[in-house]
Amino acid sequence: MTNIINGRQIAKQLNQETKTRVDKLKEEGIIPGIAVILVGDNPASVIYTRNKQKTAEKLGMKSILRKFPKDVSQAEVLQAIHHYNDDPTIHAILIQLPLPKHLNQTELIEAISPEKDVDGFDSKNVGKLYNNEDGHYPVSCTARGIMTLLHSYLDKIEGKNVTIIGRSILVSRPLQSLLINENATVTMVSLHTDDIDYYTKHADILVVAAGTPNLIKKDQVKPGATVIDVGINRMANHHLVGDVDFNSVKEVAENITPVPGGVGPMTIATLMQQTVDLAEWNK
Ligand code: NAD
C-alpha cells in the first residue's frame, strides 16, 4: 500500500518541538527573533512571508517583516541587512526570493552575517555543507525539510540510489550534499540530460524540483520508490499542482508527497527550527 507522506503532520510535530525549545530559551531571557525582508508585491512571496511571520508568532518568537517597494535601491536593502546583523534580538535574517532584477542577489545574501543566515545560502555555510564539516551551520530549509520527511518514512538513506530532477542552488544542490553526506548515491538531472527516464527508473528515492506541472508520470518511476515532489505550480484555475502526476505515480510509489501538504509545510517548519538553532548556537 502506498504511504501518502503527511508533510502537514510532520511539520506540526516539528513546530511543537520548536515551541518547546522557544519556551526554554525564554526562561533564559532569550526570545528567538527572525527578520524577513520582502521586496515588491509578488503575490506568492507575499503569501509565503505572511505564513512565515504567522508561524513564528504562533511559536512565541519575535518576527519582523521588513517590506520595501519593488524599486528600492541596493544600498537601502544592504542598510537593513546591516541593521539586523547588529541587532542582538534578531537571530535569523531571510531575504524572500526572487528579487527584482536590478538588485544584486548574491551581494545581499553575502551581506547577511553567516551566523544569522537562516536559509543557509551564504557561501561560507554552503562550503561547510559541501565539505561535510562537523559543527553547527544552517542549510537550505527546503532541503533540510526534505531530509526530515525522508527520515520519517525510511529506515536509512545510506546506499540508496537518489535521482534529483533540477539543479537549483536553493534546493537541489544543498539536498545533493545532505544526501551524499548520508552516503546515498546521488544523480542530478536537468534539461541538459539525455534520457531522463533512465535515471528516474533507477531511483529508490526520486526528488522532483523542476517547476514543471505533472512532469513525472507513473511509467518513469521505479515500483516501490519514494517520490518527493518539490514543485509548486499555480494553474490557471488557481489550483496548486506539483511536478509529479500524483494520481498515476501513487499507484507505483511506496511513499509519495502530495502537493499541497508535502514539502511546502516542511520548509516553513524547518525555517522555524533553524531560527531556534541559530538562537541556541549563538547565545
Ligand atoms: P529552479 O526553478 O531554479 O530550476 C529548475 C531546474 O529544473 C533547472 O535546473 C532545470 O534544468 C530543471 N528542469 C526544468 N524542467 C525540466 C525537465 N523537463 N526535465 C529535467 N529538468 C528540468 O528550481 P527550484 O528553485 O529548486 O524550484 C523548483 C520548483 O520547486 C519550483 O516549482 C518552485 O516553486 C518549487 N519550490 C518549492 C519549495 C517548497 O517549499 N515546496 C521551495 C523551493 C522551490
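**Reading the model step by step**

Analyst: Keep in mind that this is a predicted model. Start with a residue in a loop. Glycine 166 sits in the loop between β5 (161–165) and α7 (172–181).

User: Is glycine 166 buried or exposed?

Analyst: Buried means under 20% relative accessible area. Glycine 166 has 11% relative accessibility, so it counts as buried. Beyond its neighbours within four places in sequence, glycine 166 contacts Ser172, Met188, Val189 and Ala209.

User: Where is arginine 167, and which residues does arginine 167 touch?

Analyst: Arginine 167 also lies in the loop between β5 and α7. It is partly exposed, with a relative accessible area of 44%. Leaving out residues up to four places away in sequence, arginine 167 touches Ser172, Arg173, Met188, Ser190 and His192.

User: What does the UniProt annotation cover?

Analyst: The unreviewed UniProt entry has a "binding site" annotation on Gly166, Arg167, Ser168 and Ile232. From this set, Ser168 and Ile232 are in the lining of the largest pocket. Such annotations may be inferred rather than shown by experiment.

User: Now sheets. How do I read one?

Analyst: Strands of a sheet pair through backbone hydrogen bonds, either parallel or antiparallel. Here, three strands make an open sheet in the order β3-β2-β4, with parallel pairing. β3 (62–68) and β4 are the edge strands, each with a single partner strand, so one side of each has no neighbour in the sheet. The twist averages 15 degrees from one strand to the next.

User: How many bridges join β2 to β4, and how many pair β2 with β3?

Analyst: Four bridges join strand β2 (residues 33–39) to β4. Alanine 35 has isoleucine 93 as its bridge partner in β4. β2 and β3 pair over seven bridges. In β3, arginine 66 is the bridge partner of isoleucine 37.

User: Which way do the residues of strand β4 point?

Analyst: From strand β4 (residues 92–95), Ala92 and Leu94 point one way. Ile93 and Ile95 point the other way, and all are buried.

User: What lies across this sheet?

Analyst: Helix α2 (residues 43–58) lies across β2, β3 and β4. It runs at about 160 degrees to β3.

User: What about histidine 91: where is it found, and is it buried or exposed?

Analyst: Histidine 91 is in the loop between α3 (74–86) and β4. Its relative accessible area is 12%, so histidine 91 is buried. Not counting residues up to four places away in sequence, its contacts include Ile30, Pro32, Glu115, Lys116 and Leu278.

User: How do I read a helix?

Analyst: An α-helix has 3.6 residues a turn, so residues three or four places apart point the same way. Take helix α6 (residues 141–153), which has 13 residues. From first C-alpha to last it reaches 19 Å, close to the 18 Å expected at 1.5 Å a residue.

User: Which residues of α6 are buried, and what do they pack against?

Analyst: The buried residues of α6 are Cys141, Thr142, Ala143, Gly145, Ile146, Met147, Leu149 and Leu150. They pack against α1 (7–27), α7, β7 (205–208), β8 (226–229) and α10 (263–281).

User: One last residue. Where is asparagine 161 found, and what does asparagine 161 touch?

Analyst: Asparagine 161 is in strand β5. At 33% relative accessibility, it counts as partly exposed. Not counting residues up to four places away in sequence, asparagine 161 touches Thr185, His202, Ala203, Asp204 and Ile205. Asparagine 161 and threonine 200 are 39 residues apart in sequence, and their C-alpha atoms are 9.8 Å apart in space.

Terms used. Residues are numbered from 1 along each chain as its sequence is written. This is a predicted model: local features need pLDDT of at least 70, side-chain atom pairs count only at pLDDT 80 or more; totals for chains, interfaces and linings use all residues. Side-chain values use heavy atoms; hydrogens and water are left out. On a 1 Å grid over the protein atoms alone, a cavity is a set of points where a 1.4 Å probe fits but cannot get out, and a pocket is an open set with protein on both sides within 12 Å along at least five of seven lines; lining residues have an atom within 4 Å of a point. Helices (H or I, at least four residues) and strands (E, at least two) are DSSP runs, numbered from the N terminus. Buried means under 20% relative accessible area, exposed over 50%, partly exposed in between (1.4 Å probe, protein chains only). Contact means heavy atoms within 4.5 Å. Two strands pair if DSSP finds at least two bridges between them. The expected span of a helix is 1.5 Å times one less than its number of residues. Axes are lines fitted to C-alpha atoms, for helices over the stretch in contact, and angles run from 0 to 180 degrees between N-to-C directions.
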